[in-house]
Every structure is written in C-alpha cells, then in structure tokens.
Amino acid sequence: MEDISLQAKIDVLSEEQVLIQDSAVAFIARDPELKQVRANRFVQPGFDRGLWREIADAGWLGFLVPEDEGGVGLGFADLSLVLIQLGKGLVPVPFVATAVLAARTLTRADDAALRAELLPRLIGGDWLPALAWQEARASLDPTAREVVCTNGRLHGTKCFVPDAGGADAFIVSAAEAGGTALYLVERDAPGVTLAFEQRVDGGFFAEIRFADTPVGKQLVAPERGAAVLAAALDEARFAVSAELLGVMTRALEISVDYLKQRVQFDKPIGSFQALQHKAVDLFIQSEVSRSVVLQTAALFDGDADAERRAVAASQVKARCSDAALKIGKDAIQLHGGIGYTDEANIGLYLKKAMVLGAWLGSASAHRARYAELTLGGAQ
Amino acid sequence: MNQSIDYNALDDDAFRRLVHDWMVANYPEELRFPPERMHWEQCGRWYLKLAEKGWLAPGWPREYGGMGLDANKLLIFMDVCESHGVGRTPDQGMTMVGPLLIQHGSAEQKAYYLPRILAGEHIWCQGYSEPGAGSDLASLRTSAVRDGDHYVVNGHKIWTTLAMDANMIFMLVRTQNTGKKQEGITFLLVPLDTPGITVRPIINLGMHDEFAEVFFDDVRVPVANVVGGENNGWTIAKALLGHERIFIGSPKFATLAMYRLQSLARAVGLFDDPLFVSRYTALKLDVEDLGAAYRRFVAVLKRGGHIGAEVSMLKIWNTETQQRITELMLEAAGESAGIWGGVATADGPVRPAGEFIGSRPTTIYGGSNEVQRNILAKAALGLPG
C-alpha cells in the first residue's frame, strides 16, 4: 500500500528514526490481510501473546523507560513512529495500555528497587500489568474516590480497563488518607472479580471489582498518586493519538486505492469530482492530525510543565479522535456496499477508530478540558 | 539593507514582549481592528514607521532587510499583531513580489526593487485575473507584443486588490499564442504611472472599494522588466502562488477573527453559555491545529526545501475556518448581525456583518477552494483526471 502522507515530502527524520520506522513498517507488512486481527477478535484475551513477545524482542516496550532503569531511553517522537505503524496494521496488542500507560506509571514509582524489579519484566514482554484507574464512564479525573484502601484492603469497582483478560497483575489507584495511592494487585488475589464487555474492535474492556482484596506493594504514595496518574494518562493520550493517526492514514490509503480500482459508468470512480473532493478533505484531516502529533511529540520530548502537557494532550486527542472517526465513516461511504460488510477490512479501521477515539476521553471531552485549561483569560 | 538583530536568538516570551510593547507604543489607536482593508491615506504613515523599524518584512531573510524570523517567531509576531488589532498594510510587495524576486529575480532586479519595497517607495498590486480568466488563469489574454526593447501591452485585469493605492503592478501577460496556453505567458513588472494605464475601483459586498479593474491601452514596458525570461511566466507564477498560498494559509486571518469573536462574546456574556463555549473551543482548536500544520510547512522553506501543491491544504483549512468563525459571530450578535455598526466591546466595536461579508472572498481568491481540491486530488492522492 502506497504511503500517501506528506511525511516523505516535507518532514525530516534522523537516521535512527528511519531505522525505527523501517522496522515497524516491516513488522506490519507481514500481515497485509489482517489475519491476526480476525484471529483474535472476540476471543479472550483479545490480543496475541506471541506477537507481544515479538514486539518485546524489537525493543519497543522499553522506548519510554530510561536507560538506567533498563529501558531504551528514547522519546515520544521516536515512539510515535512505531505507534503509527501499529495503528496502520491494527496490530492486536495492548501497546499503549501497557508500554505507555502502565510503564510510565511504573517509571514514576517511589521505590527504585521496585522499579528495578518490575520494569525489566514489563520490557521483556514476560509480565503484563494493566492499569485500573477509571471509576466512571467518560471520566478524565485521576483522583480515586470509589475504590478505597483501608487497612491494606481494597473495596470498590474500576471500569474500562483494556485487555485485562491477559494481564498478569493490576496497578490500582485507591482513595486513602492523604490522596490517591497506587498499588500492585496480583491477578489471582482474593476478592478480585472481572466482568468483560466485548469491544467493537474485537478486544475487551473489563470491569474489575475488589471486595476486601489485599493490596500488594505500594507503588506511589497517596500524596503523589493523582499527579503521577495524570502525567501518565496525558502521555498515553498522546500515544493513542499517534496510533489513531496510523489508523486513519491506512483507512484513507485503502480508500484512495479503491477509488482508483473501482470502475462504474466506464470510469474509475476516483475520477468523479464529488469523490475527489471528499477524499481531499479526508487527506487534509489526516495531515492536520499529523502536524499536531509532530508538534505534541516535540513538546512532550521537551521540558514543558504538566499543565502545558495537559493542554497539548487534549489538543492532540481531540483532533485525532475526531479525524479518525470522520475518515473511518467516510471510508465506508467511499467503498459503497462492500464497505458495510464484515468481510471488507475497511470496517475494521472504523471500529478501531471508535474504540480508540473514545478511550481516555473523546474529542468533545478533550475540547471541554482544553477550554477549562485555557479559557480563563478569554472569559 | 542587512538587518543586524537576530530575533530568533531571543526566547519566545522576550520576543513576544518586545513586539507587543513596540506595537502598543507605536500603532495608532484609531487604526486598531480596522473593519476593512485600509487605504494608503489611512495607513501610509504606519507603513513607513514599520519600514523605519525594519519590521515590514518579518519573513524575509536578514540579508535582504527582512527580520529573518523562523516559523515559531513568525507565528508569535503574527499573533501579537492580530491580538492588538494591527491592520493589514498594502503588503503585496512583502508577501509576494519580494519573496519571488529573492528566488527568481536577477541581481539587478533584487538590488533595484527590494530596497524600494522596504522603503515604502514602491507599493505593489497583482495583475493576474481577467474577466475571462479566473480559476482558469492560464487562459489569460492580456497581450504583450515585442517592439524593440519594449513590450506593448494591451488588455484588462480585474480583482486587483488596492490598485488605486499602488504605484507598481506585477502581472502575467501573453507573449505567445501557439502551443499550450501555459507556455506563452510572461511575468512582467510595470510602473502604474506608465501612459495608457487606467484604474477603475470596484465596490464589493462590504460597500468598500477594495478591488479595482486595470485597463492597459498600448502600454510600453521595457523588456528588462521581465522576471524569469520570456514565456516562463507560468513557472514564475506558480512559484509565486506557492508564496501566496503559504501566506493565505497562515493562521493570521483566522487568528484575527478569533480575537474579534472573543471580544464580542465577552461583551454579550456568551462565555457563560456552555453551548457557545463548546463551539468556540472547537473553532479555537481548528486555528491552533492550523498553526501546527503551518509551522510544519514553513520549516520546509526555512530548510531551503521545496513546497509543492500540498500547501493548498493550509489555504482550504484557514479560509473555511475563518468563515465558520465569522458565522458564529453572526449568531452571537443577535439582531446586530444585520447592521453595519455592530456591537460595542471593550476592544472597540466588533462588526459581525462586515467580518462575515469580508470573509466570503477568501474561499474564492488565490484559486478557489474547489480548484485547490482538484489540484490536491491529483497532486497528493494521485486520483485520475
């Protein structure tokens, strides 16, 4: 599939970034027909553990972990090159949930010895922790209220935990005196119950109930927990935006290719102006999204403070969620009837856009947050 | 004409303060947020003040007397100007001819014309469109016939912005009638006081004489005034269109419209209305995200790279965003949407009707947005003709 993005024409990659991108491109090229996606759909745990190990071997799980903590110590711009390809290939693995959200929570854990124990296991692909932070639908609030920790025991329910069926442990935020603490909880700890919701993309969200569940080690003390979560969540919002960029880019590439092949009225339908203009509008959406992803990656790789990161995370998530959904649904229209079948792969991109667009805050939720964070002066 | 100050070396906040303080101290209060394009009689003194400060051409390289700003500093400069309501001068010398001559002009042309632009001695206008050549520009018919070391020009240009204030026109003329229509076009620089030229203003929907028609009747122009060689005008024009499209693709106008909407919304208390705030924020992000895309393209130019037809995406996004902003201004203004006078605000009167009407031509000029989409369909997506 031909790359129609403007990256090759106007952006500059370092030599190392070219290597990173090439290896990610080669990785997804092995499954052009998306057989892996279909094989893992609607079957627990919703992702492929074998693929996960291969991704670990590629080194990508450690990109955002500092070198002295056993990681690769690269930046968000570097990681986005991988994420875009994972999005293009719809690779069925919980990459952002584990290698960004959980990993970036763990890199901020209080205890160096604990970090040294856990991070290498995560990076090696042997151990998958799932972060359970959310307590209400459409919530962006990292402060724990529903799940409470008293005397070392957890009570309460977390929701929308992605791909928890394959997790080896949970990182759980809990309200206690002094704020929101983060604890490690073993998968088979007593009093843990998982209820699954099937996602439209074939994966699963879990609702996790804790009933008098004993906590494992404390990762982050209650004074810092909410801030640690907020930072990791904003990084994950950037990362999922980069993945969405890959999803929308490939959906557009497939659609443009179809416009060139499909003949009606004795001509390729891509010669019709109405369809050309629609396709151009989608192209502009994808390139504006790419521009914001590039800008945000640079900001996250720099020394911006937490508030500026939060503003940027909401800006990029709002754009990429909206653009991916728009491109996904218009791609169905451009395909006509075949686009509405499960057999055609284009629908898989729309469904991925639906899931990732909503996860960690929808476009409208992030526009509202952006307004809250920036409009003080305007009003 | 070399500027000694390296503004890019300043940190962003210091640069913003520097520009802001100088604008506040020097920009005439009565010209803040002008409701329409200013004529020379209104803004000439301001133009010369900018010239004297060395801030007329923020994007030109320093060696030619510009400020040499990088993309980021350029956006800050723009934002400060728009937030203070600094009106647009007759700027086609800075935004179009200057960059074109820097790229394609001969050494003599650069040495002669560039300092005169910066000194405010030459005010330029653009002679491209004709009554029969709008979106299909290459079908232009204004002719230039060689007569010794002169051309004799005859024809009719239209939509010439602020021609009545200009003393120079850069124009496309037909020097050959055989072969492809793009191949017989030449790019010519013409003093407007040359005998045989008549300028006639056109009143637009805003009741303002912003445009003009320009008639050429046996106008004699020296051959030395050709840029880029005879019959190479289409190539030159396309290069200039690139400059024009990056200029009209910059967030400048959408940013200004956003500041006007903000003043209006404060004045009528709309920031307490969650529905309005939601729509305001969506537009604000459309402008901010355009800024990200604009920086990406400008960075290519600063690296000395080439920008292709893809830059049209900026023009489409910018102009359609600007129009949506002015449409929200109409809604925010209630009945005042239908009057010329508008609404009093803390930042002076905001005129939604004028803003709305004034944004209509943006999707038409510089190649209509529909033509831009045709171009992108082929150039960016490779769709069949």
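**Interface, packing and backbone geometry of the predicted model**

Chain B has an average pLDDT of 93, and 99% of its residues score at least 70. The structure is a predicted model. Its ipTM is 0.94 and its pTM is 0.93.

The interface between the chains was examined from the side of chain B. Here 29 residues of chain B are in contact with 30 residues of chain A. Three elements of chain B each give two or more residues to this side: α8 (274-302), α9 (312-332) and α11 (369-379). The largest share comes from α8(B), with 13 residues. By class, the side of chain B that touches chain A holds 17 nonpolar residues, six polar and six charged.

Within chain B, one helix pair was examined. Helix α1 (residues 12-26) packs against helix α3 (residues 71-84) at an angle of about 35°. The axes of these two helices of chain B are 10 Å apart. The crossing of α1(B) past α3(B) is right-handed. From α1(B), the contact draws on B:Asp12, B:Phe15, B:Arg16, B:Val19, B:His20, B:Met23 and B:Val24. These meet B:Asn72, B:Lys73, B:Ile76, B:Phe77, B:Val80, B:Cys81 and B:His84 in α3(B). The contact of α1(B) with α3(B) comprises eight nonpolar, three polar and three charged residues.

Chain A is divided into domain 1 (7-124), domain 2 (129-222) and domain 3 (226-374). The C-alpha centres of domain 2 and domain 3 of chain A are 29 Å apart. Across this boundary, 14 residues of domain 2 are in contact with 13 residues of domain 3. On the domain 2 side, strand β5 (residues 179-186) of chain A supplies the largest share, three residues. The residues of domain 2 that touch domain 3 divide into eight nonpolar, four polar and two charged.

A:Phe95 lies in helix α6 (residues 95-106) of chain A. A:Phe95 counts as buried because 25 C-beta neighbours lie inside 10 Å, against a cut-off of 20 or more. The C-alpha atom of A:Phe95 is separated by 9.1 Å from that of A:Ile55. Along the chain, A:Phe95 and A:Ile55 are 40 residues apart.

Backbone geometry was considered next. Most residues other than glycine have a negative phi, and most peptide bonds are trans. The bond joining A:Gln44 and A:Pro45 is cis, with omega about 0°. A:Pro45 sits in the loop between α3 (35-40) and α4 (49-58) of chain A.

Two non-glycine residues with positive phi were examined. A:Leu360 has a phi of about 65°. This residue, A:Leu360, lies in the loop between α11 (346-358) and α12 (363-374) of chain A. A:Leu360 is buried, because 26 other C-beta atoms lie within 10 Å. In chain B, phi of B:Met207 is near 65°. B:Met207 is placed in the loop between β6 (197-202) and β7 (211-222) of chain B. B:Met207 counts as exposed because it has 10 C-beta neighbours inside 10 Å, and the cut-off for exposure is 12 or fewer. Thus A:Leu360 is buried, whereas B:Met207 is exposed.

Conventions: Residues are numbered from 1 along each chain as its sequence is written. Chains are lettered from A and ligands numbered from 1 in the order in which they are written. This is a predicted model: local features need pLDDT of at least 70, side-chain atom pairs count only at pLDDT 80 or more; totals for chains, interfaces and linings use all residues. Helices (H or I, at least four residues) and strands (E, at least two) are DSSP runs, numbered from the N terminus. Two residues are in contact if their C-beta atoms, placed from the backbone, lie within 7 Å. Ala, Val, Leu, Ile, Met, Phe, Trp, Tyr, Cys and Pro count as nonpolar, Asp, Glu, Lys and Arg as charged, and the others, Gly among them, as polar. pLDDT is the predictor's confidence in each residue, from 0 to 100. Axes are lines fitted to C-alpha atoms, for helices over the stretch in contact, and angles run from 0 to 180 degrees between N-to-C directions. A crossing is left-handed if the near helix is turned anticlockwise from the far one by less than a right angle, and right-handed if clockwise. Domain bounds come from an automatic or database domain assignment.
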